[in-house]
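Please look over the chain shown here. Which helices pack against each other, and which residues sit inside?

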Amino acid sequence: LFDTTPDTSRDLVTWNAILSAHADKARDGFHLFRLLRRSFVSATRHTLAPVFKMCLLSASPSAAESLHGYAVKIGLQWDVFVAGALVNIYAKFGRIREARVLFDGMGLRDVVLWNVMMKAYVDTGLEYEALLLFSEFNRTGLRPDDVTLCTLARVVKSKQNVLEWQL
């Protein structure tokens, strides 16, 4: 049905729906995203959501970098949802430095973004950095949520295992 729809009839809702439907098939989804970029439809944070998933599924850091560049081009780099997804993707690819640079560039950080960055540190074995970041988080006045506490519990558990091993 989508293929038979004239380009002029494909609005943002149509593109978002088709990208979401193909999010689990990165190759097809990336092809559709390239078609969207050639159209005259402006992408939003909702348009990018399935494309972030495609980046993770394809395990392609270069696709994530391209998507980051596109987000900059259309003015969404500092959107808290977009930045959070990019921080998460960079962290999952082991590119903690890039994740932190993006995190530090955010003017407004919500609890989710803080959690993503703390979890990235823990997932890559950088527990001390996670604790330092939590200390910084505490000074913001934001309240930790369940994810924050679970992430900190993983740090404590990890440190407990190290202490037991040394004894």
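**Basis.** This is a predicted model, in which local features need pLDDT of at least 70, side-chain atom pairs count only at pLDDT 80 or more, and totals for chains, interfaces and linings use all residues. Residues are numbered from 1 along each chain as its sequence is written, and side-chain values use heavy atoms, with hydrogens and water left out.

**Overall fold.** The protein has nine helices and zero strands. Helices (H or I, at least four residues) and strands (E, at least two) are DSSP runs, numbered from the N terminus. The order of elements from the N terminus is α-α-α-α-α-α-α-α-α. Of the 167 residues, 40% are buried. Buried means under 20% relative accessible area, exposed over 50%, and partly exposed in between, with a 1.4 Å probe and protein chains only. Among contacts with a separation of 6 or more, 62% join residues 24 or more positions apart. A contact means heavy atoms within 4.5 Å.

**Two helix pairs.** Two packed helices are described by the angle between their axes and the distance between the axes. Axes are lines fitted to C-alpha atoms, for helices over the stretch in contact, and angles run from 0 to 180 degrees between N-to-C directions.

| Pair | Angle | Axis distance |
|---|---|---|
| α1 (residues 12–21) and α2 (residues 26–38) | about 165° | 9 Å |
| α5 and α6 (residues 96–105) | roughly 165° | within 7 Å |

Helices α1 and α2 are therefore roughly antiparallel. Angles under 35 degrees count as roughly parallel, over 145 as roughly antiparallel, 65 to 115 as roughly perpendicular and the rest as oblique. The α1 and α2 crossing is left-handed. That term applies if the near helix is turned anticlockwise from the far one by less than a right angle; clockwise is right-handed. From α1, Trp 15, Ile 18 and Leu 19 meet Gly 29, Leu 32, Phe 33, Leu 35 and Leu 36 of α2. By class, the contact of α1 with α2 has seven nonpolar, one polar and no charged residues. Here Ala, Val, Leu, Ile, Met, Phe, Trp, Tyr, Cys and Pro count as nonpolar, Asp, Glu, Lys and Arg as charged, and the others, Gly among them, as polar.

Helices α5 and α6 are roughly antiparallel to each other. Their crossing is left-handed. Ala 83, Leu 86, Val 87, Tyr 90 and Ala 91 of α5 make the contact with Ile 96, Glu 98, Ala 99, Leu 102 and Phe 103 of α6. The contact of α5 with α6 holds nine nonpolar, no polar and one charged residues.

**Core.** The largest nonpolar core has 49 residues. Such a core is a set of buried Ala, Val, Leu, Ile, Met, Phe, Trp, Tyr and Cys residues joined through side-chain atoms within 4.5 Å. Those with the most contacts inside it are Phe 33, Leu 48, Phe 52, Leu 67, Val 87 and Met 117. Helix α7 (residues 111–123) gives this core its largest share, nine residues. Beyond four places in sequence, Val 87 touches Ala 99, Leu 102, Phe 103, Leu 113, Val 116 and Met 117.

Gly 84 is in α5 (residues 80–92). Gly 84 is buried, at 11% relative accessible area.

Ser 60 lies in the loop between α3 (45–58) and α4 (61–73). Ser 60 counts as buried because its relative accessibility is 17%. Neighbours within four places in sequence aside, Ser 60 contacts Cys 55 and Phe 93.
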